[in-house]
Amino acid sequence: MLSEDVLTYIENLIPDRPPYVTKIEEYALINSVPIMEKPGIEVLLLLLKMQQPKKIFEIGTAIGYSAIRMALALPETEIVTIELDEERYNQAKIHVKDMGLDHQIKLYLGDALLLSDKIKQHGDFDAFFIDATKAKYTKFFELYESILSENGVIYTDNVLFKGTVARDRSLLKTRRQRTLVRKLDEYNKMLFTKEGYETTMIPVGDGIAVTRRIERVRGV
C-alpha cells in the first residue's frame with residue numbers, strides 16, 4: 001500500500017471535480033459513508049474510458065458517488081446499480097436526479113443476491129463493478145457471471161482491505177474480522193485461478209482487482 005505522503009501527493013495532482021461531485025464527497029465524509037478513495041476512483045475511471053463499456057452493472061451503490069462518476073466519464077454508457085441500505089439508496093436517488101443522470105443510471109433497492117432476475121432482464125453487461133459486502137464477493141461473482149459479456153471486465157474494490165489480507169489473521173481482534181478477511185482472501189485467489197479469466201491487482205486506494213473474461217466456459 002502507498003504511504004500517506006505519496007497518497008497526498010497523488011491526490012493533490014487530481015484535477016478538481018464538478019462542484020456537485022465535491023458536495024457528495026463532503027456528504028460522505030460527514031456521514032461516514034464509505035466511497036472510493038480519490039486515487040482509486042481515478043484509476044477505475046481511466047480503465048473504464050479505455051474499455052468503453054456500453055453497460056455497467058454496479059453492486060453497492062451507497063450514495064451514488066461511483067455511479068455518478070462513471071456516468072459523467074462515460075455519457076453514452078448505461079449503468080444499472082443496486083443498494084441494500086434504504087437510506088443510502090434514497091440519498092443516491094437524490095444525487096442522481098440532482099445531477100440530471102436518472103436517464104442514464106437505473107437504481108435498484110435490495111439484496112443483489114435476491115434480485116438477480118430483475119438485473120438479468122437488462123441483458124449482458126460489459127463491465128461489473130463490485131463494491132458491496134466483502135464476504136459475499138464470491139457469491140456475487142458466481143451469481144452474475146453468466147451475464148458478463150465476452151471480453152467483459154469485472155472491477156472489484158477493497159480487495160486488499162487495508163492490507164489485512166496479507167497479514168496473519170490470528171492478529172485480528174474479532175472472529176468476524178477473521179472470517180471476512182478469509183473470505184476476501186479466498187475470493188482473490190479464485191480470481192487469479194478462475195478458468196476463462198485473467199486478473200491483475202492494482203494496489204491503489206484499498207486495492208482494485210481487474211478481471212477480464214477471455215473465454216466463455218461451457219454452461220456460463
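A: Glu186 pairs with Arg182 in a salt bridge, with the closest N and O atoms 3.1 Å apart. A salt bridge here means a side-chain nitrogen of Lys or Arg within 4 Å of a carboxyl oxygen of Asp or Glu. This is a predicted model: local features need pLDDT of at least 70, side-chain atom pairs count only at pLDDT 80 or more, and totals for chains, interfaces and linings use all residues. Residues are numbered from 1 along each chain as its sequence is written, and side-chain values use heavy atoms, with hydrogens and water left out.

Both Glu186 and Arg182 belong to helix α8, four residues apart, about one turn of the helix. Helices (H or I, at least four residues) and strands (E, at least two) are DSSP runs, numbered from the N terminus. Glu186 is partly exposed, at 41% relative accessible area. Arg182 is partly exposed too, at 32%. The cut-offs are under 20% for buried, over 50% for exposed, and partly exposed in between (1.4 Å probe, protein chains only).

Salt bridges that share partners join Glu145, Lys194 and Arg213 into one network. Take Lys194 and Glu145: their closest N and O atoms are 3.8 Å apart. This pair links distant parts of the chain. Lys194 is in the loop between α8 (175–193) and β6 (197–202). Glu145 is in the loop between α7 (137–144) and β5, and 49 residues separate the two. Lys194 is partly exposed, with a relative accessible area of 27%. Glu145 is buried, at 7%.

Glu145 also forms a salt bridge with Arg213, where the closest N and O atoms are 3.9 Å apart. Arg213 lies in strand β7 and Glu145 in the loop between α7 and β5, so the pair ties together parts 68 residues apart in sequence.

In all, the structure holds eight salt bridges. Side chains of opposite charge can pair when their charged atoms come close.

Thr77 sits in the loop between α4 and β2 (78–83). Thr77 is buried, with a relative accessible area of 5%. Its side chain reaches the backbone oxygen of Pro53 at 2.7 Å. Leaving aside neighbours within four places in sequence, Thr77 is in contact (heavy atoms within 4.5 Å) with Pro53, Lys54, Lys55, Ile56 and Gln104.

Methods
A polar contact is a pair of N or O atoms within 3.5 Å; within protein, one must be able to donate a hydrogen and the other to accept it, and residues adjacent in sequence count only if both atoms are side-chain atoms.
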